Amino acid sequence: MNDESDLAEVPALLHRAAAPVRVRLLEWQEDGLLRVSAPSGEPFVCEWLESVALQAQDWRPGDHLLALPPSALEPGCVLGRIRRGPAGSAAQQVTLQARDRLTLRCGESSLEMHADGKVLLKGDDVLLRAKGTQRIRAGTVAIN
């Protein structure tokens, strides 16, 4: 939504709507905006609300989302994905992704992963358990 010609394509109903609407994701655009389809079928673009719980990188075309429609001055804003599933069900897989470094921290302990392959695990008391074989493979192993 960089010029007024884009805004002219959005139905007048969407300009007046104050409440979020259910939309369908059409595509991720190269500029990082989401192209979605309104309930009427009209497409428009949205930014998306970033939060710790929101894993937007997992969204796929066809997903149903909840969005605030665009205004005359700004694109719409996707608030989240609409899903159904058993209450309390855990995801089969969770991926956290960072470009340079990813850190998980709890109190005095931390797990830090760097893009160059370096991994640093810190803690006052570190315990590794395995029911099967526990392997250590490295070019060199230094203990103390």
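Guide: Two strands pair if DSSP finds at least two bridges between them. Keep that in mind as we look at this predicted model.

Visitor: How many bridges join strand β1 to strand β4?
Guide: Strand β1 covers residues 21–28, while strand β4 covers residues 64–68. The two run antiparallel, and the number of bridges joining them is 4.

Visitor: Which residue in β4 does V23 stand opposite?
Guide: Strand β1 spans residues 21–28 and is joined to β4. Looking across to β4, the residue facing V23 is L65.

Visitor: In what order do the 5 strands close into a barrel?
Guide: The pairing in this barrel is mixed. Neighbouring strands of the sheet are turned by 55 degrees against each other on average, direction ignored. Going around, the order is β1-β2-β3-β5-β4.

Visitor: Is S37 buried or exposed?
Guide: S37 is found in strand β2, residues 34–37. Leaving out residues up to four places away in sequence, S37 touches V23, R24, L26, E42 and P43. Buried means under 20% relative accessible area. The relative accessibility of S37 is 10%, so S37 counts as buried.

Visitor: And is C106 buried or exposed?
Guide: The cut-off for exposed is over 50% relative accessible area. C106 has a relative accessible area of 59%, so C106 is exposed.

Visitor: How many disulfides does a search of the whole structure find?
Guide: A disulfide is a covalent bond between the sulfur atoms of two cysteines. Take C77: the closest cysteine sulfur is in C46, but it lies 7.1 Å away, too far for a bond. For the whole structure, the number of disulfides found is 0.

Technical notes:
Residues numbered from 1 in each chain as written. Predicted model: local features only at pLDDT ≥ 70, side-chain atom pairs only at ≥ 80, totals over all residues. Heavy atoms only, no water. Buried < 20%, exposed > 50% of the residue type's maximum accessible area, 1.4 Å probe, protein only. Contact = heavy atoms within 4.5 Å. Axes fitted to C-alpha atoms, helices over the stretch in contact; angles between N-to-C directions. Disulfide = S-S within 2.5 Å.
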